[in-house]
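Here is a short briefing on a ligand site and a hairpin. Please look over the sequence and the fold before reading on.

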Amino acid sequence: MIPGEFEYHAPSSVDEAVALLERLGEDAKVLAGGHSLVPAMRFRLALPQHLVDINRIDGLGHIREEGGFLVIGALTREAEVERAPVVAERYPLLADAARVIADPLVRNRATVGGNLAHADPANDHPAVMLAYGATMVAQGPGGRREIAVDDFFVGLFENAMKPNEILVEVRIPAPGPGSGGAYEKFERKVGDYAISAAAVQLTMKGSTCAAARIGLTNVSAVPMRAHGAEEALVGKEPTADVVEAAGQAAAAECDPSGDLRGSEEYKRDITRVLVKRAIRRAVQLAGGGAA
Ligand code: FAD
């Protein structure tokens, strides 16, 4: 289908973009990579009267370590994350996810900020950022504010930003010693959204799992953390029984719906298996031996 009519705006600074959003109100939408918004417009699921294209704004496409964080500008393309040496060397969970988001054509254009702001539980970055405990930085008329990722996803396609705010940056805490992370995604074919996926970031102290955060993809209406699975793991040695208990907890607490990608029961069991696989790989990367 053809999208509805809209007016196009191309600001050259964040301040200008925020001023436009402030003036145009809820009739306006930010346009980043356009790979979620434009399909929604073509299906007339989104009918914005104004598009505020942020692609000409400099200074939103960085990816660098700074002050104990990996700082990713909202306009960073997925392909840039995939190619960044710092990600390959120090952020294996993010590196895993970057390789399996859509296909190379989409990754050339789609942005990290758009993937998160869209708040689609089928997208891969929400679970990854939940597992990292990342911070979202939003800019509005009153300046910048930080939103913890645990507070960022508030509903299906709904985030905690106001309509006059732009996501400018994502900050991932740099992993400390003994940390490891992994993303396990199961999809029908390369380039597809996940049937289910598990993001695990953990820290080992000797043979004990001292801390763990686990995010799940596409098995709930809102991107979710698997708190029960985390509890099953933390403070314990990740033996086969403990890892199985964590997988079972995740299967029980997720809330998938049956659809063309599989029944609810199937998705729960896939989630159990993926959580176990991701924990095992994360433990190995953390130097904690085979789980
Ligand atoms: P846009 O489409 O431009 O915007 C999406 C939404 O976020 C809009 O509401 C927009 O207003 C808002 N927004 C964007 N940027 C900002 C910002 N900086 N501040 C405030 N609001 C903002 N994703 C996956 O994770 N995994 C997949 O496997 C996957 N497969 C795909 C396959 C296909 C064929 C396609 C077309 C897309 C796929 N995607 C997948 C989605 C893709 O990654 C999207 O591009 C992404 O979800 C949105 O990023 P975008 O930059 O294109 O955002």
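Helices (H or I, at least four residues) and strands (E, at least two) are DSSP runs, numbered from the N terminus. Two strands pair if DSSP finds at least two bridges between them. This is a predicted model: local features need pLDDT of at least 70, side-chain atom pairs need 80 or more, and totals for chains, interfaces and linings use all residues. Residues are numbered from 1 along each chain as its sequence is written, and side-chain values use heavy atoms, without hydrogens and water.

**Hairpin**
- Strand 4 (residues 63–66) pairs with strand 5 (residues 69–73) in the antiparallel sense, over 4 bridges.
- Glu66 has Phe69 of strand 5 as its bridge partner.
- The hairpin has 2 residues between its strands, and Gly67 takes a positive phi near 55 degrees.

**Ligand shell**
- The ligand is surrounded by 29 residues (a heavy atom within 4 Å).
- Val30, Gly34, Leu37, Thr111 and Asp124 are the closest.
- Strand 2 (28–31), helix 7 (112–117) and strand 10 (166–173) each supply at least two shell residues.

**Polar contacts**
- These are pairs of N or O atoms within 3.5 Å.
- A polar backbone atom of Val30 lies 2.6 Å from a ligand oxygen atom.
- A polar side-chain atom of Asn115 is 2.9 Å from an oxygen atom of the ligand.
- For Lys29, a polar side-chain atom lies 3.4 Å from a ligand oxygen atom.

Methods:
A polar contact is a pair of N or O atoms within 3.5 Å; within protein, one must be able to donate a hydrogen and the other to accept it, and residues adjacent in sequence count only if both atoms are side-chain atoms.
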